[in-house]
Amino acid sequence: MTPYNTLLTITVQSTFLNAISNILAQIIDQWKKDKPFSLNVPAFLQFITYGIIIVPINHWWQRWLEVTFPGFLFQATTDAGSPSSSSPNPGSLPLSTVPNEKGSQEVVEVKDKFIPRRVTAIPPTGKRRRFYNFTMKLLLDQTAGGVLNIVLFVGLINLLKGASLARTWELVLEDFKPIMIARLKYRPVVSTLLYTSIPLDRRVVFGSFTGVLWGCYLSLYAAV
């Protein structure tokens, strides 16, 4: 599957989960107000649009984290700190055989600049390195990732509601602290699971799955 097909699949799956969370939030909101359920279509479409925009951003954010700090915390090794020998070195050049001066064959690297090579992260070696990479991903997801997601959530939702840029920024400053506090109550557990057992291409969907209740909270916060 190509990266773009993967992204499309992730976006569709996450959008479906976001739709569920928004509908649940509307049910809860109207139940608390003792009203019969009636879907608030504009609010539903606003939240779905926000999700479609944010999913690719989070997908590439997770890819950057994994490329920069690769590997799982409990990655299996075949020797002291070395990755499994069954995995080829992703950064190595293609190999070829050429005759040497004695008439026998020897293996050399093909340094042809026209041969395309995929750029992938080299797995970390050693327990300390894996622990460092895990810690960095966890901290960055709670700090930079949290700031990015909250600013985009408040900003996009209010822009979709028709607020001006000036008013949107005021709301970002006003709502940032309570949403960040709420996020820190659940996200560290999710992030720990993400960076210890969930494959890269499943992380955004897993985050959406575990974040259905979080999506309800965001929908309620957006006053559905």
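**Salt bridges**

I looked up the salt bridges (a side-chain nitrogen of Lys or Arg within 4 Å of a carboxyl oxygen of Asp or Glu) and found four. The model is predicted: local features need pLDDT of at least 70, side-chain atom pairs count only at pLDDT 80 or more, and totals for chains, interfaces and linings use all residues. Residues are numbered from 1 along each chain as its sequence is written, and side-chain values use heavy atoms, without hydrogens and water.

Helices here are DSSP runs (H or I, at least four residues), numbered from the N terminus.

I then checked burial (buried is under 20% relative accessible area, exposed over 50%, partly exposed in between; 1.4 Å probe, protein chains only). Lys137 is buried at 0%, and Glu66 is buried at 12%.

I recorded a further salt bridge between Asp141 and Arg187, at 2.9 Å from N to O. Both of these residues are buried.

In helix α5 (residues 165-183), Glu170 and Arg167 lie three residues apart, and they form a salt bridge at 3.0 Å. Glu170 is partly exposed at 44%, as is Arg167 at 37%.

**Aromatic pairs**

I found five aromatic pairs (ring centres of Phe, Tyr and Trp, its six-membered ring, within 6.5 Å; planes under 30 degrees apart are stacked, over 60 edge-to-face, the rest tilted) in the structure. The rings of Phe47 and Tyr50 have centres 5.6 Å apart and planes at 45 degrees, so this pair is tilted.

Notes
Helix = DSSP H or I, 4+ residues; strand = E, 2+ residues; numbered from the N terminus.
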